Amino acid sequence: MSVWALFSIKGGVGKTSSAVNLAYIASRAGARTLIWDLDPQGAATFVLRESIQGEQHGKRIIQGKRSVSDYLVRTNYPGLDLIQADLALRYADLLIAKGDRPRRRLAQILSPLRARYDRIYLDCPPGLTLTAESIFRAADALLVPTIPAPLAIRAVEQLVEYVDHHPKVDALVAPFFSMVDNRKAAHRQIVTDEIAGGRYLDASVPYSTVVEQMGVRRAPVTAFTRRHVAARAYRTLWRAAEDRFQALRR
Amino acid sequence: MSGADGQSTTCLITATDEGGFASLCGALRERFGLDVVTFRERLTVLDTFDWRLYRAERELLEIRGETRMLSVGRPGMEPEGVCDVRALPRWASDLPEGFVWAELGARIAERALLPQLGVERRGQQASLLSGEGKTIAQVVFCDTKLGRPNWQSPTGALRGRRVSMGGELRLLPVFGHDAEFDCLLRAVRERVGTEPTPFDALTHYGAALDLAPGQYSSKLSVALDPMAPAGHAFCQIFEALVDTFDANEGGTRLDLDSEFLHDYRVASRRCRSLLAEFDDWLPQPESGRLARELKWLGQLTGPVRDADVFALLLDEWAADPAGNRGFFSDDAWAALRTHLGREHERVRRPLLRAMNSRRYERLKTLWMSLAEPGEQHARGNQLSIQVLASARIWKAFRRIRKRAAGLSAESPSRDIHSVRIAAKRLRYLLEFFRSAYPAQRIDPLVSALKQLQDQLGLFNDLDVQADMLRMHAQPLYERGVGDAELMVALGQTIGALQTAQRAVRHDIAKALRTFNDDGNRRAYRRLFRASKK
């Protein structure tokens, strides 16, 4: 089993769309998959046609009063389960900080699920917070959607430096380009150069209204269209991430 | 409706008509959002010939509708895993990655997945929706037809006539929404007026197609009356063996997987062993003739089985790059596999010709005739089976002890093989007549013998593997298929096998000490020597 966190210091970069699509693709590839919506905005929950839960839900999980297994729900897609977002996530940092070893908290919470799922995707809130540190400790891989812009690339470098300097964080950092506007020469150049550098996954997700349609149709892109360039991009992204992860494992 | 692991039970089923379905949908619309679509799908249940998945309480389905996917889970439960596919999986290696698929693959092992049951459905599917538009349960009304798929068809196309099951109503819960499913059930009881029952495809549809899931077993299972005449017991055993032989004939002809030929050969070898052990009690000249014909068949199946075993061995080595596979470069490995594939085809041709011959048909007729009770078994009927069997088993046991006397880890290979052959003869006898003895007394003896045979078998396997490599090295060299690199790799592998065999020798010596201990000897004496009186 492996835990994949869709994380970015910045917001609005395509974390949720990537998390939902990668989780769906994983489930259709045969993996028993769970997606946990850790963002109080609850976008992944909304797309997967569930409602954001009240505050007791997340609080109980973080405080250990209920097992996370009690909150699993099946989505519309066989093989893909969800833990819904809830309002308590607004102050997740405070809840986590109150417990023992807060940076290990998420890994402890996920531990009973390891036998049940092949892949767990975490749709993470933005920002470098205590919750984020807990996510880093729990994750086997950090997938970092990045807009092809200099400041966004700098943010990735900061994240990589942070991870490198924390011996207890073992996760693979795998950034990829998201919301790529292929009409812009600057985007094209940055994507080509950075992928050639080897750090970024050789798969990028284009900016597309079809991806925005997820919020209207309330379904993963790859569930309502197989042939669109965005659907193909997500499948390529999933394959590239899996290959890199397996190569690292070897 | 929840199972012990928190998974909802899937699929209840009942019979109804369109009016019943419409009335039900009307009731459900009062409480839920309802999305009704027409659908058409084909379901194929996949399992091995010997029902390994069914026995493990697993159900593997291919579902072809708008998409094509595989689904695996417990029968009657929600799927544990799904996967998009482009073709029916045939082997464990065709399954996707993931824990639930790896578990399935381990159960399937070397057997082929065969399409065992085909279901064609068309009708309407009503999804009950939550306030967010999520499906929280489904009810499906459909017209269902069943058929037996063609095993050789890559799509599992159905052959022969279809069996109609009429209008079915299936109720499908969704994990985490038990309350909604209970509501659906109540509506069915009120509007349709029936009590749905749990459903899984094989149990529900199998009877309509005379499918007997789980019934085939390669193990010999004969219920003997210990006091019955021996001739009668021989008939029962011959019948059980020819049934197994027949059951595997089709798969052997088509080469669906290597286990068909294996079970086919085992049935034949068991029969030869019975004929040899009780030659003086069986009808003559029929028994002698059958023994000779089975020997003829064995000479044809032997090389094919050798090629199968070698292929399985290479598969095993391929899965462990740090082991023997590491001696071969990719080119050398490819050359070896190509050569083996051609060899397999070459040795299969004479077997297939033989199986299409009149001589083969006469062999089967002769075998079946020996399974017929009657005057021909007059000699065998002079003694009860338990008296006759006990004498032979006791003799076979003493034969092992005699051959094993003085055997050590340093003994020559031929002496170890001699013990192995004696152990096999004893094992066949115990298998034939097991049911004629109390289970609590004979089962431990069979287990102890099996432990010895496992070590002897491993020793023999390593010998056979080394011999196979030597056997194939020559033609590879002569035909110029293998270069020096391949020859070196073969030599290194033979060396590794010999090293492994040296370690097994010590395990054999230890297993023999256990087999020959006083406790085992007393158990055999009490069970088999006492009956001689």
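Visitor: Which residue in β7(A) stands opposite A141(A)?
Guide: Heads-up, this is a predicted model: local features need pLDDT of at least 70, side-chain atom pairs count only at pLDDT 80 or more, and totals for chains, interfaces and linings use all residues. Residues are numbered from 1 along each chain as its sequence is written, chains are lettered from A and ligands numbered from 1 in the order in which they are written, and side-chain values use heavy atoms, with hydrogens and water left out. β6(A) and β7(A) pair in the parallel sense over 6 bridges; two strands pair if DSSP finds at least two bridges between them. In β7(A), the residue opposite A141(A) is L172(A).

Visitor: Is β7 of chain A largely enclosed or left open, and how many of its residues are buried?
Guide: Buried means under 20% relative accessible area, exposed over 50%, and partly exposed in between, with a 1.4 Å probe and protein chains only. The strand spans residues 172-180 of chain A, and the rest of the structure largely encloses it. The count of buried residues is 8 of the 9.

Visitor: Which strands of chain A stand at the edges of its sheet?
Guide: Strands here are DSSP runs of E with at least two residues, and helices are runs of H or I with at least four, both numbered from the N terminus. The sheet is open, with mixed pairing, and its 8 strands follow the order β3-β4-β2-β5-β1-β6-β7-β8 (chain A). Two of them have a single partner strand each, so one side of each lacks a neighbour in the sheet: β3 (73-74) and β8 (204-206).

Visitor: And β1 of chain A: which residue in β6(A) stands opposite L6(A)?
Guide: β1 (residues 2-6) runs parallel to β6 (residues 141-146) in chain A, and 3 bridges join them.

Visitor: What radius of gyration does chain A have?
Guide: That radius is taken over C-alpha atoms, and the globule rule is 2.2 Å times the number of residues to the power 0.38. For 250 residues, a compact globule would come out near 18 Å. Chain A agrees with that, at 17 Å.

Visitor: Over to chain B: which strands are at the edges of its 9-strand open sheet?
Guide: The order is β5-β4-β3-β2-β6-β7-β8-β1-β9 (chain B), with antiparallel pairing. Each edge strand pairs on one side only, and the two are β5 (81-84) and β9 (197-198).

Visitor: Which residue in β3(B) stands opposite L46(B)?
Guide: Strand β2 (residues 33-47) and strand β3 (residues 59-64) of chain B run antiparallel, joined by 5 bridges. L46(B) has as its opposite number in β3(B) L60(B).

Visitor: Is T493(B) buried or exposed, and at what relative accessibility?
Guide: T493(B) lies in helix α14 (residues 484-515) of chain B. Leaving out residues up to four places away in sequence, T493(B) touches W317(B), N324(B), F327(B), F328(B) and L469(B), where contact means heavy atoms within 4.5 Å. T493(B) counts as buried, because its relative accessibility is 0%.

Visitor: What about Y216(B): how far is its C-alpha atom from that of R526(B)?
Guide: Y216(B) is in the loop between α5 (201-206) and α6 (230-254) of chain B, and its relative accessible area of 13% makes it buried. Beyond four places in sequence, its contacts include F49(B), W51(B) and D263(B). Y216(B) and R526(B) are 310 residues apart along the chain, and their C-alpha atoms are separated by 34 Å.
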